[in-house]
Amino acid sequence: MKGKFITFEGVDGAGKSTQIKLIADRLTAEGKAVVLTREPGGTGIAERVRNIVLDVGLQLSVRTEALLFMAARSEHIEQIIKPALMAGKVVLCDRFCDSTFVYQGLTQGKTVTELDSLRNLNLQATDGIMPDLTVVLDADPKELLLRRDARGVTDRFENKGLDFQENLRAGFLALAQAEPQRIKVVNALDSVEAVNEQIFTLVKNLLG
Ligand code: Z5A
(Lines give C-alpha, C1' and ligand atoms only; values in the text may rest on other atoms or scores of the structure.)
Protein backbone atom coordinates (compact mmCIF):
# COMPACT_ATOMS: atom_id res chain seq x y z
CA MET A 1 0.00 0.00 0.00
CA LYS A 2 1.32 3.44 -0.90
CA GLY A 3 -0.59 5.28 1.84
CA LYS A 4 -0.37 5.17 5.61
CA PHE A 5 -3.02 3.96 8.02
CA ILE A 6 -3.22 5.57 11.48
CA THR A 7 -5.79 4.63 14.11
CA PHE A 8 -6.83 6.35 17.33
CA GLU A 9 -7.91 4.29 20.32
CA GLY A 10 -8.58 4.60 24.04
CA VAL A 11 -11.25 4.65 26.71
CA ASP A 12 -14.50 6.52 26.13
CA GLY A 13 -14.17 10.28 26.11
CA ALA A 14 -10.35 10.32 26.05
CA GLY A 15 -10.27 12.88 23.24
CA LYS A 16 -9.92 10.74 20.11
CA SER A 17 -12.42 12.72 18.02
CA THR A 18 -10.87 16.02 19.11
CA GLN A 19 -7.34 14.91 18.25
CA ILE A 20 -8.08 13.13 15.00
CA LYS A 21 -9.67 16.29 13.57
CA LEU A 22 -6.71 18.44 14.64
CA ILE A 23 -4.24 16.00 13.08
CA ALA A 24 -6.30 15.86 9.87
CA ASP A 25 -6.29 19.68 9.70
CA ARG A 26 -2.53 19.88 10.23
CA LEU A 27 -1.75 17.25 7.62
CA THR A 28 -4.17 18.82 5.14
CA ALA A 29 -2.52 22.20 5.70
CA GLU A 30 0.79 20.55 4.75
CA GLY A 31 -0.76 19.43 1.47
CA LYS A 32 -1.26 15.77 2.38
CA ALA A 33 -4.28 13.89 1.04
CA VAL A 34 -6.12 12.78 4.17
CA VAL A 35 -9.15 10.57 4.73
CA LEU A 36 -10.80 10.97 8.14
CA THR A 37 -13.12 8.15 9.11
CA ARG A 38 -14.40 6.17 12.07
CA GLU A 39 -15.53 2.78 13.32
CA PRO A 40 -18.05 1.47 13.55
CA GLY A 41 -19.06 3.46 10.49
CA GLY A 42 -17.50 5.19 7.52
CA THR A 43 -19.91 3.83 4.88
CA GLY A 44 -23.70 3.85 4.56
CA ILE A 45 -24.02 0.19 5.51
CA ALA A 46 -21.44 0.39 8.31
CA GLU A 47 -23.22 3.43 9.77
CA ARG A 48 -26.43 1.38 9.81
CA VAL A 49 -24.59 -1.38 11.69
CA ARG A 50 -23.33 1.33 14.08
CA ASN A 51 -26.91 2.27 14.89
CA ILE A 52 -27.57 -1.34 15.90
CA VAL A 53 -24.45 -1.99 17.99
CA LEU A 54 -24.67 1.29 19.93
CA ASP A 55 -28.44 1.14 20.53
CA VAL A 56 -29.00 1.23 24.32
CA GLY A 57 -32.32 -0.55 23.80
CA LEU A 58 -30.78 -3.72 22.33
CA GLN A 59 -29.30 -6.70 24.20
CA LEU A 60 -26.58 -8.28 22.04
CA SER A 61 -24.30 -11.16 22.96
CA VAL A 62 -20.57 -10.42 22.80
CA ARG A 63 -20.23 -12.79 19.83
CA THR A 64 -22.99 -11.01 17.94
CA GLU A 65 -21.37 -7.68 18.75
CA ALA A 66 -18.00 -8.88 17.47
CA LEU A 67 -19.50 -10.19 14.23
CA LEU A 68 -21.41 -6.95 13.65
CA PHE A 69 -18.28 -4.86 14.19
CA MET A 70 -16.42 -7.14 11.76
CA ALA A 71 -19.18 -6.88 9.15
CA ALA A 72 -19.05 -3.09 9.38
CA ARG A 73 -15.24 -3.24 9.15
CA SER A 74 -15.32 -5.40 6.05
CA GLU A 75 -17.48 -2.80 4.29
CA HIS A 76 -15.30 0.02 5.56
CA ILE A 77 -12.09 -1.63 4.38
CA GLU A 78 -13.41 -2.39 0.89
CA GLN A 79 -15.20 0.90 0.27
CA ILE A 80 -13.01 3.47 2.01
CA ILE A 81 -9.76 2.35 3.62
CA LYS A 82 -8.21 0.08 0.99
CA PRO A 83 -8.91 2.41 -1.97
CA ALA A 84 -7.51 5.39 -0.05
CA LEU A 85 -4.34 3.52 0.93
CA MET A 86 -3.87 2.31 -2.64
CA ALA A 87 -4.17 5.93 -3.80
CA GLY A 88 -1.38 6.93 -1.39
CA LYS A 89 -3.56 8.83 1.10
CA VAL A 90 -3.16 9.10 4.85
CA VAL A 91 -6.13 7.36 6.47
CA LEU A 92 -6.99 8.49 10.00
CA CYS A 93 -9.53 6.25 11.69
CA ASP A 94 -11.30 6.85 15.02
CA ARG A 95 -11.19 3.32 16.53
CA PHE A 96 -10.39 0.12 14.62
CA CYS A 97 -9.39 -3.47 15.40
CA ASP A 98 -7.82 -2.75 18.80
CA SER A 99 -11.24 -1.65 20.05
CA THR A 100 -12.57 -5.09 19.11
CA PHE A 101 -9.65 -6.80 20.83
CA VAL A 102 -10.32 -4.77 23.98
CA TYR A 103 -14.14 -4.41 24.09
CA GLN A 104 -15.04 -7.86 22.75
CA GLY A 105 -11.90 -9.65 24.01
CA LEU A 106 -9.86 -8.37 26.92
CA THR A 107 -12.80 -6.97 28.90
CA GLN A 108 -14.56 -10.32 28.44
CA GLY A 109 -12.00 -12.30 30.42
CA LYS A 110 -9.54 -13.05 27.63
CA THR A 111 -5.81 -12.31 27.85
CA VAL A 112 -3.66 -10.87 25.06
CA THR A 113 -2.52 -14.40 24.14
CA GLU A 114 -6.14 -15.62 23.90
CA LEU A 115 -7.28 -13.28 21.15
CA ASP A 116 -6.65 -15.69 18.26
CA SER A 117 -10.27 -16.16 17.21
CA LEU A 118 -10.87 -12.39 17.18
CA ARG A 119 -7.59 -11.83 15.33
CA ASN A 120 -8.58 -14.43 12.73
CA LEU A 121 -12.00 -12.86 12.23
CA ASN A 122 -10.32 -9.48 11.95
CA LEU A 123 -7.91 -10.83 9.34
CA GLN A 124 -10.86 -11.89 7.20
CA ALA A 125 -12.69 -8.58 7.68
CA THR A 126 -9.63 -6.46 6.87
CA ASP A 127 -8.06 -8.59 4.15
CA GLY A 128 -4.88 -8.36 6.22
CA ILE A 129 -4.75 -4.56 6.40
CA MET A 130 -3.43 -3.39 9.77
CA PRO A 131 -2.64 0.13 11.02
CA ASP A 132 0.91 1.43 10.50
CA LEU A 133 0.52 3.42 13.71
CA THR A 134 -2.01 3.27 16.52
CA VAL A 135 -2.25 6.08 19.05
CA VAL A 136 -3.80 5.11 22.38
CA LEU A 137 -5.10 8.09 24.31
CA ASP A 138 -4.63 6.96 27.88
CA ALA A 139 -6.12 8.39 31.07
CA ASP A 140 -7.46 7.36 34.45
CA PRO A 141 -11.19 6.96 33.73
CA LYS A 142 -12.05 8.71 37.01
CA GLU A 143 -10.34 11.83 35.66
CA LEU A 144 -12.37 11.58 32.48
CA LEU A 145 -15.70 11.33 34.28
CA LEU A 146 -16.00 15.10 34.53
CA ARG A 147 -15.67 15.48 30.77
CA ARG A 148 -18.15 12.65 30.21
CA ASP A 149 -20.65 13.93 32.75
CA ALA A 150 -20.79 17.18 30.85
CA ARG A 151 -21.81 15.27 27.69
CA GLY A 152 -24.15 12.66 29.22
CA VAL A 153 -24.27 8.91 28.50
CA THR A 154 -25.12 8.26 24.88
CA ASP A 155 -24.55 4.60 24.02
CA ARG A 156 -24.51 1.03 25.32
CA PHE A 157 -20.79 1.03 26.07
CA GLU A 158 -20.64 4.39 27.86
CA ASN A 159 -23.37 3.05 30.14
CA LYS A 160 -21.26 0.31 31.74
CA GLY A 161 -19.62 2.12 34.65
CA LEU A 162 -16.19 2.90 36.08
CA ASP A 163 -14.97 -0.70 36.57
CA PHE A 164 -15.60 -1.38 32.90
CA GLN A 165 -13.71 1.79 31.91
CA GLU A 166 -10.78 0.71 34.09
CA ASN A 167 -10.76 -2.70 32.39
CA LEU A 168 -10.79 -0.96 29.03
CA ARG A 169 -7.81 1.13 30.01
CA ALA A 170 -5.89 -1.95 31.19
CA GLY A 171 -6.78 -3.69 27.93
CA PHE A 172 -5.42 -0.94 25.70
CA LEU A 173 -2.24 -0.73 27.80
CA ALA A 174 -1.76 -4.52 27.54
CA LEU A 175 -2.07 -4.35 23.74
CA ALA A 176 0.44 -1.50 23.64
CA GLN A 177 2.87 -3.48 25.74
CA ALA A 178 2.53 -6.45 23.39
CA GLU A 179 3.05 -4.37 20.23
CA PRO A 180 5.23 -1.39 21.16
CA GLN A 181 6.36 -0.80 17.57
CA ARG A 182 2.84 -0.12 16.30
CA ILE A 183 0.94 1.07 19.37
CA LYS A 184 2.04 4.27 21.09
CA VAL A 185 0.52 5.54 24.33
CA VAL A 186 -0.11 9.26 24.87
CA ASN A 187 -1.28 10.87 28.13
CA ALA A 188 -4.78 12.15 27.36
CA LEU A 189 -4.92 14.34 30.48
CA ASP A 190 -2.53 16.93 29.11
CA SER A 191 -3.98 20.00 27.40
CA VAL A 192 -5.50 19.54 23.95
CA GLU A 193 -2.49 21.33 22.45
CA ALA A 194 0.11 19.27 24.34
CA VAL A 195 -1.60 16.00 23.43
CA ASN A 196 -1.75 17.13 19.84
CA GLU A 197 1.97 17.92 19.72
CA GLN A 198 2.82 14.44 21.00
CA ILE A 199 0.57 12.77 18.43
CA PHE A 200 1.80 14.98 15.60
CA THR A 201 5.39 14.00 16.40
CA LEU A 202 4.46 10.31 16.19
CA VAL A 203 2.63 10.90 12.90
CA LYS A 204 5.54 12.85 11.40
CA ASN A 205 7.95 10.09 12.44
CA LEU A 206 5.81 7.64 10.50
CA LEU A 207 5.24 9.82 7.44
CA GLY A 208 8.81 11.08 7.27
N1 Z5A B 1 -16.53 -0.47 19.78
C2 Z5A B 1 -16.43 -1.81 20.10
O3 Z5A B 1 -16.93 -2.26 21.13
N4 Z5A B 1 -15.77 -2.65 19.25
C5 Z5A B 1 -15.22 -2.21 18.09
O6 Z5A B 1 -14.64 -3.01 17.34
C7 Z5A B 1 -15.33 -0.81 17.79
C8 Z5A B 1 -15.99 0.02 18.67
C9 Z5A B 1 -14.72 -0.28 16.52
C10 Z5A B 1 -18.04 3.66 19.65
O11 Z5A B 1 -18.40 4.78 20.33
C12 Z5A B 1 -18.19 2.53 20.64
O13 Z5A B 1 -18.06 1.29 19.94
C14 Z5A B 1 -17.09 2.59 21.63
C15 Z5A B 1 -16.35 1.27 21.49
C16 Z5A B 1 -17.25 0.42 20.70
N17 Z5A B 1 -17.57 2.64 22.94
N18 Z5A B 1 -17.99 3.60 23.52
N19 Z5A B 1 -18.43 4.38 24.15
P20 Z5A B 1 -18.14 6.24 19.83
O21 Z5A B 1 -17.28 6.23 18.63
O22 Z5A B 1 -19.45 6.89 19.73
O23 Z5A B 1 -17.48 6.81 21.12
P24 Z5A B 1 -15.99 6.88 21.57
O25 Z5A B 1 -15.09 6.27 20.57
O26 Z5A B 1 -15.87 6.37 22.93
O27 Z5A B 1 -15.71 8.39 21.47
P28 Z5A B 1 -16.23 9.53 22.38
O29 Z5A B 1 -16.99 9.04 23.57
O30 Z5A B 1 -16.94 10.45 21.47
O31 Z5A B 1 -14.92 10.15 22.97
P32 Z5A B 1 -13.58 10.69 22.30
O33 Z5A B 1 -13.75 10.83 20.83
O34 Z5A B 1 -12.46 9.89 22.79
O35 Z5A B 1 -13.44 12.11 22.98
P36 Z5A B 1 -13.81 13.57 22.43
O37 Z5A B 1 -15.24 13.60 21.95
O38 Z5A B 1 -12.76 14.07 21.54
O39 Z5A B 1 -13.65 14.38 23.80
C40 Z5A B 1 -14.55 14.20 24.88
C41 Z5A B 1 -14.75 15.56 25.61
O42 Z5A B 1 -13.51 15.93 26.21
C43 Z5A B 1 -15.13 16.71 24.69
O44 Z5A B 1 -16.01 17.54 25.41
C45 Z5A B 1 -13.79 17.40 24.41
O46 Z5A B 1 -13.96 18.77 24.14
C47 Z5A B 1 -13.07 17.20 25.72
N48 Z5A B 1 -11.62 17.07 25.58
C49 Z5A B 1 -10.94 16.38 24.64
N50 Z5A B 1 -9.60 16.46 24.85
C51 Z5A B 1 -9.44 17.20 25.96
C52 Z5A B 1 -8.28 17.62 26.72
N53 Z5A B 1 -7.03 17.27 26.37
N54 Z5A B 1 -8.49 18.35 27.81
C55 Z5A B 1 -9.75 18.70 28.20
N56 Z5A B 1 -10.87 18.34 27.55
C57 Z5A B 1 -10.73 17.60 26.45
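## A tour of loops and a helix pair

Start by selecting aspartate 127, which sits in the loop between α5 (116-126) and β4 (133-138). Helices (H or I, at least four residues) and strands (E, at least two) are DSSP runs, numbered from the N terminus. You're looking at a predicted model, where local features need pLDDT of at least 70, side-chain atom pairs count only at pLDDT 80 or more, and totals for chains, interfaces and linings use all residues. Residues are numbered from 1 along each chain as its sequence is written, and side-chain values use heavy atoms, leaving out hydrogens and water.

Back to aspartate 127: its phi is positive, about 55°, although it is not a glycine. Is aspartate 127 buried or exposed? Aspartate 127 counts as exposed, at 51% relative accessibility (exposed is over 50%, buried under 20%, partly exposed in between; 1.4 Å probe, protein chains only).

Next, pick arginine 95, in the loop between β3 (90-94) and α4 (97-103). Its phi is positive too, near 75°, but arginine 95 is buried, at 14% relative accessible area.

Now go to proline 40, in the loop between β2 (34-38) and α2 (44-53). The peptide bond joining glutamate 39 to proline 40 is cis, with omega about -10°. Most peptide bonds are trans.

Finally, show α2 with helix α3 (residues 62-86): their axes come within 8 Å and cross at roughly 160° (lines fitted to C-alpha atoms over the stretch in contact, with angles from 0 to 180 degrees between N-to-C directions). So α2 is roughly antiparallel to α3 (an angle over 145 degrees). Residues in contact (heavy atoms within 4.5 Å) include Ile45 and Val49 of α2 and Leu68 and Phe69 of α3.

Conventions
Angles under 35 degrees count as roughly parallel, over 145 as roughly antiparallel, 65 to 115 as roughly perpendicular and the rest as oblique.
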